[in-house]
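This briefing is meant to be read alongside the sequence and the three-dimensional view.

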Amino acid sequence: MQLVLTPENLRYAWGSTTEYWFSRTDYAIYKNSELPCEDQARLFELGFIPFLTISNEEVIRAYISSLNNPKVAAKFEGLSTYDCVEIFWKYFNAYKDISAGFDSFENEYVMKKVTDWCNENGVQYKIEE
């Protein structure tokens with residue numbers, strides 16, 4: 001059995017405020033509301049493990065760092081989560097050199113994080129475009 005990594009199920013990890021769980025028994029990803037119980041110990045017994053969550057801030061800060069632009073990086077130092085995200089989108093819309101590579105960076109970043117999670121948890125996977 002393999003977890004098929006598609007753009008759709010990568011969204012479970014990306015920027016979600018809902019917690020998701022992965023089932024080792026059927027290799028599916030479930031929302032909290034779809035779980036058979038609320039007891040974490042029981043969920044582990046049933047073969048569930050928490051699926052990873054990647055925040056908007058995490059991806060934005062990684063992207064800013066990847067730009068290797070000290071002037072831009074300085075604008076984001078010390079910002080709260082809310083301010084980091086808000087200011088990034090303002091810069092994103094105003095400056096082409098910031099927005100140009102973000103989509104591909106975001107996709108690669110999320111895919112790498114999910115495949116790392118799979119490897120760390122012994123989850124077999126395949127990537128489907």
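In what follows, a helix axis is a line fitted to the C-alpha atoms over the stretch in contact, and the angle between two axes runs from 0 to 180 degrees between their N-to-C directions. The model is predicted, and in it the axes of helix H3 (residues 56-66) and helix H5 (residues 81-94) come within 10 Å and cross at roughly 55°. Angles from 65 to 115 degrees count as roughly perpendicular and those under 35 degrees as roughly parallel, so H3 is oblique to H5.

**Packing of H3 with H5**

- The crossing in which H3 passes H5 is left-handed.
- On the H3 side the contact is made by Asn56, Glu57, Ile60, Arg61, Tyr63 and Ile64, while H5 brings Thr81, Cys84, Val85, Phe88 and Trp89 to it.
- Sorted by class, the residues in this contact of H3 with H5 are seven nonpolar, two polar and two charged.

**Packing of H3 with H7**

- H3 also meets H7, with axes that come within 10 Å and cross at roughly 120°, and here the crossing is right-handed.
- From H3 the contact draws on Glu58, Val59, Ala62, Tyr63 and Ser66, and from H7 it draws on Phe102, Phe105, Glu106, Tyr109 and Lys113.
- The contact of H3 with H7 divides by class into six nonpolar residues, one polar residue and three charged residues.
- Tyr63 of H3 is listed in the contact with H5 and is listed again in the contact with H7.

**Overall layout**

- The protein has seven helices and five strands, and read from the N terminus its elements follow the order β-α-β-β-α-β-α-α-α-α-α-β.
- The C-alpha trace of the protein spans about 50 × 30 × 20 Å along its principal axes.

**The largest pocket**

- The largest pocket holds about 260 Å³ of space, and its lining consists of Thr6, Pro7, Leu10, Arg11, Trp14, Glu106, Asn107, Glu108, Val110, Met111, Glu128 and Glu129.
- Helix H1 (7-10) and helix H7 (102-120) each supply at least two residues of this lining, and H7 gives the most, with five residues.
- By class, the lining of the largest pocket has five nonpolar, two polar and five charged residues.
- Glu106, a member of this lining, is also one of the H7 residues in the contact with H3.

**Leu79 and its surroundings**

- Leu79 sits in the loop between helix H4 (70-76) and H5.
- Once its neighbours within four places in sequence are set aside, Leu79 is in contact with Arg61, Cys84 and Ile87; of these, Arg61 and Cys84 also take part in the contact of H3 with H5.
- Tyr27 lies 52 residues from Leu79 in sequence and 38 Å from Leu79 in space, taken from C-alpha to C-alpha.

Methods:
Residues numbered from 1 in each chain as written. Predicted model: local features only at pLDDT ≥ 70, side-chain atom pairs only at ≥ 80, totals over all residues. Heavy atoms only, no water. Helix = DSSP H or I, 4+ residues; strand = E, 2+ residues; numbered from the N terminus. Parallel < 35°, antiparallel > 145°, perpendicular 65-115°, else oblique. Left-handed = near helix turned anticlockwise from the far one by under 90°. Contact = heavy atoms within 4.5 Å. Nonpolar A, V, L, I, M, F, W, Y, C, P; charged D, E, K, R; others polar. 1 Å grid on protein atoms, 1.4 Å probe; cavity = no way out; pocket = protein on both sides within 12 Å on 5 of 7 lines; lining within 4 Å. Points joined across faces, edges and corners; volume = space filled by probe spheres on them.
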